[in-house]
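This report sets out the local geometry, the helix, the sheet and the nonpolar cores of one protein model. The sequence and structure are shown first.

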Amino acid sequence: MVPCPVGRRTLIVATAGKTRAYSKSGYQMAVFQSLLPGGNHNDCRGCTILDCIWSFKNHTYYVLDVLAWNNQQLNDCETEFRFYWLKSKMEETSCLSNHASDNAYPFMSLEYYKSDTLTMMNVMSVESLFGCDGPKLDGLLFYHSQAHYIPGVTPLVGWLKPHMMPATLGVSVAPLYLQEDMEISKRRKCRKSGKHHTESQTESRLPDAHSCTEMETTDLHSVKEQGVEDEIHITRDIS
């Protein structure tokens, strides 16, 4: 079980002396220097690929999983081994957790826990899992211990929001997580109510088609959402 902070899922690729951050869709979001193997001008030969969560609150990359470290491919290794390797390498490179001129953003390794009831209850009783100044808890990932790294949706990895734990697994959680769920539900109801009210007002303003004569015309303009497309793609997507 891995508690995940609120943030944006990001693939970090450090190679050829640069560190690049990609979105789940393969868009390049940032290029910077880091102390990851292959990710800075002093280390151009290595290649490191990490599955991370980017926190907007404290500008930190929380490392969730590892696909490759210093040219050592790990995506075909089992979950337990990948987590062990990642923890060992992050401890060896402790300077990654600090902001510096050659490490533009801190990298923090996420803790993983056994999925037994007592351990989960102890974890979920803590309201600030990522520190008082850190991001909030978004949800929990449950990995099959022998699964390889698989892009996309897989039954070998599960996801639960904190408020789902009591009903789904019978695990009690801190009151804060239940309160946050109630607040989210209230906001959703307000947005839904406001949407229905707006649609009702729009319908009341529409002209009656039978009342329009040949000399009277009504122009109804449709608004299309415009998105910015990026041509940058990566060969592997992340879930």
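Asn71 is found in the loop between β6 and β7, and Asn70 lies in that loop as well, with β7 covering 72–73. Helices (H or I, at least four residues) and strands (E, at least two) are DSSP runs, numbered from the N terminus. This is a predicted model, in which local features need pLDDT of at least 70 and side-chain atom pairs count only at pLDDT 80 or more, while totals for chains, interfaces and linings use all residues. Residues are numbered from 1 along each chain as its sequence is written, and side-chain values use heavy atoms, with hydrogens and water left out.

Both asparagines have a positive phi in a residue other than glycine. Most residues other than glycine have a negative phi. The table gives the values; buried means under 20% relative accessible area, exposed over 50%, and partly exposed in between (1.4 Å probe, protein chains only).

| Residue | Phi | Relative accessible area |
|---|---|---|
| Asn70 | near 50 degrees | 42%, partly exposed |
| Asn71 | near 75 degrees | 52%, exposed |

Another loop residue, Gly17, is found between β2 (8–15) and β3 (18–22). Gly17 counts as buried because its relative accessibility is 1%. Contact means heavy atoms within 4.5 Å. Not counting residues up to four places away in sequence, Gly17 touches Gln33, Gly38, Gly39, Asn40, His41, Asp43 and Cys44. Its C-alpha atom is separated by 9.9 Å from that of Leu35, 18 residues apart along the chain.

Helix α1 comprises 14 residues (79–92), and its end C-alpha atoms are 20 Å apart, in agreement with the 20 Å that it should span at 1.5 Å a residue. The expected span is 1.5 Å times one less than the number of residues. Within α1, Thr79, Arg82, Phe83, Leu86 and Met90 are buried. They lie on the same side of α1, because they cover an arc of only 95 degrees around the axis; the arc is that of the directions from the helix axis to the C-beta atoms. An α-helix has 3.6 residues a turn, so residues three or four places apart point the same way. Glu80, Tyr84, Glu91 and Glu92, on the other side of α1, are exposed. The cover over the buried residues of α1 includes β1 (2–5), β5 (47–55), β6 (60–69), β8 (107–109) and β9 (137–143).

Strands β1 and β9 also belong to an open sheet of three strands, with the order β1-β9-β10 and antiparallel pairing. Its edge strands are β1 and β10 (157–160), each pairing on one side only. Two strands pair if DSSP finds at least two bridges between them; four bridges join β9 to β10. Phe142 stands opposite Gly158 in β10.

A nonpolar core is a set of buried Ala, Val, Leu, Ile, Met, Phe, Trp, Tyr and Cys residues joined through side-chain atoms within 4.5 Å. The largest such core has 23 residues, of which Met1, Leu64, Leu110, Met124, Phe142 and Met165 touch the most other members. Two or more residues come from each of β1, β6, α2 (117–124) and β9, and β9 gives the largest share, five residues. A second, separate core of 17 residues includes Ala14, Val63, Val66 and Trp69.
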